[in-house]
Amino acid sequence: MAGSQGGWTGGALTAGPFWKPKHAARAVFHPAWIPESVDPAVEQLKKIRLIAGTFAAIGVYTFVEDGFGFDEILENMLTASVVLLFITPLTVGVMLFVWRRTGSVSGLKPSLFNSLKLLLLFVGSIVLTVVLLQAAGGAGFFILVVGPLVLWLIGFVARGAWHVGANFFGTAGVHRCLPPLLASVTAWLMAIPDLVTGDLHGLGLGLGILFILGAPTTVTGIALLEMRRLEQQYGIRLATHPATQPRFTPPPPPMPPYVPPQGNPYGPSAGNPYNNPYGPPAGNPYNQGNPYGPGPHGS
């Protein structure tokens, strides 16, 4: 498994950057064992899918209906946490049932447990942040203690959401097609309850359906493009057992460009073998002083 050596963070988290939420989130939510992306184009598709997924999780209607609905965003964060906690293992379990028809899945246990730990860490961070935010309103003077922690957690969770949205809890370590699949399933499960109950949040039928279905439709379309590129370019198919997938080794980093030596190669220098042999020597052997001038032998 990629990144097994070096532990969870691979040495990326030290006491210094721990106080900066973006560094801590990078080390915790994008561990060293997550495999590198196979293709820059796939990486760009992940970013677009992540933006669309963020709209699905937060709810575009939150900003359209009555301005910035902070309480509703907190509610949506908890709902998204519950959805992630149940749908991610369920979806992975279905795929394990498909893969076990063509091979053993016991070798996937280390990667599966790592992904589960990452999922629990993220959900736990969201729940802790929401609870502290709701408690901070009536904290009184205690807000001076809770406030900095809450602000740090907001930055930590926001940055962590960006990482887990791209790698989807490191499930690419199990199969590279799992992140786009899980993103699509999660986006639809966030939208279907509003669609089934008819709760369009006061937007009207046309606008409500557009905002509710727009994000999951976009996520699904990008996820299909992502999986299609993985299949066409690298032979990686969702229904194929991970052990039979082509092994991908990231290309080595590019060599630095050649920079020719600066300066005149024919000019005088300490190590230049082409110096002018007829130039003035370092010292004049005939300049030993005027033998006819006053000196120790002069009269």
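Author: Helices here are DSSP runs of H or I with at least four residues, numbered from the N terminus. The model discussed below is a predicted one.

Reader: What share of the residues of the protein counts as buried?
Author: A residue is called buried when its relative accessible area is under 20%. Applied to the 299 residues of the protein, this cut-off gives a buried share of 36%.

Reader: Is Phe-113 buried or exposed?
Author: Phe-113 lies in helix 5, and its relative accessibility comes to 52%. The word exposed is kept for residues with over 50% relative accessible area. Because its 52% passes that cut-off, Phe-113 counts as exposed.

Reader: Which elements give two or more residues to the nonpolar patch?
Author: Phe-113 belongs, with Val-82, Leu-85, Phe-86, Leu-116 and Leu-120, to a nonpolar surface patch of about 580 Å². The elements that give two or more residues to this nonpolar patch are helix 4 (70-99) and helix 5 (109-136).

Reader: What distance separates the C-alpha atoms of Gly-124 and Ser-81?
Author: Gly-124 lies in helix 5, and at 39% relative accessibility this glycine counts as partly exposed. Along the chain, Gly-124 and Ser-81 are 43 residues apart, while the separation of their C-alpha atoms is 8.6 Å.

Reader: What distance separates the C-alpha atoms of Ala-24 and Gly-155?
Author: The place of Ala-24 is in helix 1 (residues 21-29), and with a relative accessible area of 0% this alanine is buried. Ala-24 and Gly-155 are 131 residues apart along the chain, yet their C-alpha atoms are separated by 9.8 Å.

Reader: What is the phi of Phe-169?
Author: The place of Phe-169 is also in the loop between helix 6 and helix 7, and at 1% relative accessibility Phe-169 counts as buried. Although Phe-169 is not a glycine, its phi is positive, with a value of about 60°.

Reader: How far apart are the closest N and O atoms in the salt bridge of Arg-237 with Glu-231?
Author: A search of the whole structure finds one salt bridge. Arg-237 is partly exposed, with a relative accessible area of 42%, and Glu-231 is likewise partly exposed, with a relative accessible area of 38%. A salt bridge needs a side-chain nitrogen of Lys or Arg within 4 Å of a carboxyl oxygen of Asp or Glu. For Arg-237 and Glu-231 the closest N and O atoms are apart by 3.4 Å.

Reader: How much space lies in the largest cavity?
Author: The count of cavities of 30 Å³ or more comes to one. The space that lies in the largest cavity is about 70 Å³.

Reader: Which helices each supply at least two residues of the lining of the largest cavity?
Author: The lining of the largest cavity is formed by Ser-37, Val-38, Val-42, Lys-46, Ala-172, Arg-176, Pro-179, Glu-226 and Leu-230. The helices that each supply at least two residues of this lining are helix 2 (40-58) and helix 8 (205-234).

Reader: How do the residues of the lining of the largest cavity divide into nonpolar, polar and charged?
Author: Among the lining residues of the largest cavity are Lys-46, Arg-176 and Glu-226, and residues of the types Lys, Arg and Glu count as charged. Taken over the lining of the largest cavity, the residues divide into five nonpolar, one polar and three charged.

Definitions and conventions:
Residues numbered from 1 in each chain as written. Predicted model: local features only at pLDDT ≥ 70, side-chain atom pairs only at ≥ 80, totals over all residues. Heavy atoms only, no water. Patch = residues over 30% accessible without salt bridge, like charges linked within 9 Å, V, L, I, M, F, W, Y side chains within 5 Å. Areas by Shrake-Rupley, 256 points an atom, 1.4 Å probe, with all protein chains shown as cover. Buried < 20%, exposed > 50% of the residue type's maximum accessible area, 1.4 Å probe, protein only. 1 Å grid on protein atoms, 1.4 Å probe; cavity = no way out; pocket = protein on both sides within 12 Å on 5 of 7 lines; lining within 4 Å. Points joined across faces, edges and corners; volume = space filled by probe spheres on them.
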